[in-house]
Every structure is written in C-alpha cells, then in structure tokens.
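Biologist: I have a model open and want to learn how to read it. Can we go feature by feature?

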Amino acid sequence: MITVRQLLHHTSGMPEHGRAIAGTFFESRHRYFEPRELVDLALTQKPLFAAGKGWSYSNTGYVLLGLMVQKVTGRAIGVEITDRIITPLGLRDTYWPGAGEQKIRGA
C-alpha cells in the first residue's frame, strides 16, 4: 500500500509515466493525456522500489495526488488550486492551464 505521505515525499516507488511514453515523444508530444491515462502508463512498469524503502522524484505521484483531490472535493485539481491559492493570493498572471493547452497566456 502507498500512502499520501509517501507520494508527497517521493518515497512511493511509483515509476515515472514519462518513461513509458519517452520512446514515442515525437508522436505524442502534442497529445493531451488524461491524468488516469498517465497513471495507467506508469503502472505498465515495475515499481522502482517497495513503498517507503527509497526515494525517487515522481511526476506520477503528483498526478495521483491531483486525482485524490478531485475524488475528495468533487472538483478538478486546477479548480481547487485556482480557488484556494491563485485567487486568494491575487496572483494575476498565474493560472492552471486548460486541458491540452500548450501556449503561455500573455507575456
């Protein structure tokens, strides 16, 4: 079992989803992957180590944490970050990009 703490501390052993698509970079570089697709890609690989038994940075862990936020709140992680962090702090030029958005808004 992997805990939230292990995901946050990068000690979960979750493999990197990017490795699963690295060989197809040019074919998939403009393709949007749903978060669940990224997790499924990561799960095609063996864990890097047993949960809690090592350390390795994992973008897949952040994807899983975002999916947990969505499950708990019923709202997408981008909406939660915007409403709880970006807007209250008055971060006018900071935003959560939309699905598939590839360009930076504004200067």
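**Reading a helix face**

Biologist: Which residues of helix α6 are buried?

Modeller: This is a predicted model. Helix α6 covers residues 77-86, and its buried residues are Gly 78, Glu 80 and Ile 86.

Biologist: How do I read that as a pattern?

Modeller: Start with the general idea. An α-helix has 3.6 residues a turn, so residues three or four places apart point the same way. Now take the case here. Seen down the axis of α6, the buried residues fall within an arc of 155°, so they line one face of the helix.

Biologist: What do the buried residues of α6 pack against?

Modeller: They pack against α5, residues 59-73.

Biologist: How do I read the nonpolar core?

Modeller: Look for buried nonpolar residues joined through side-chain atoms within 4.5 Å. The largest such core has five residues: Ile 21, Phe 33, Leu 38, Val 39 and Val 63. Take Val 63 as a way in. Beyond its neighbours within four places in sequence, it is in contact with His 17, Pro 35, Leu 38 and Val 39.

Biologist: Is Ser 28 buried or exposed?

Modeller: The cut-off for buried is under 20% relative accessible area. Ser 28 has 11% relative accessibility, so it counts as buried. Ser 28 is found in helix α3, residues 25-28. Not counting residues up to four places away in sequence, Ser 28 touches Ile 21 and Phe 33. Both of these belong to the largest nonpolar core.

Biologist: What sits over the ring of Phe 33?

Modeller: The charged end of Arg 31 does, 4.1 Å from the ring centre.

Biologist: How many aromatic pairs does the structure hold?

Modeller: One. In general, a pair of aromatic rings is described by the distance of the centres and the angle of the planes.

Biologist: Now step back. What is the overall pattern along the sequence?

Modeller: It reads α-α-α-α-α-α, with six helices and zero strands. Of the 107 residues, 24% count as buried. Among contacts between residues at least 6 apart in sequence, 64% join residues at least 24 apart.

Biologist: Which feature does UniProt place at residues 2-105?

Modeller: The unreviewed UniProt entry gives "domain: Beta-lactamase-related" there. In the model, that span is 46% helix and 0% strand.

How values were computed: Residues numbered from 1 in each chain as written. Predicted model: local features only at pLDDT ≥ 70, side-chain atom pairs only at ≥ 80, totals over all residues. Heavy atoms only, no water. UniProt positions renumbered as here; feature names shortened; annotations may be inferred. Helix = DSSP H or I, 4+ residues; strand = E, 2+ residues; numbered from the N terminus. Buried < 20%, exposed > 50% of the residue type's maximum accessible area, 1.4 Å probe, protein only. Arc of directions from axis to C-beta. Contact = heavy atoms within 4.5 Å. Phe/Tyr/Trp six-rings, centres within 6.5 Å; stacked < 30°, edge-to-face > 60°. Lys NZ or Arg CZ within 6 Å of the ring centre and 35° of its normal.
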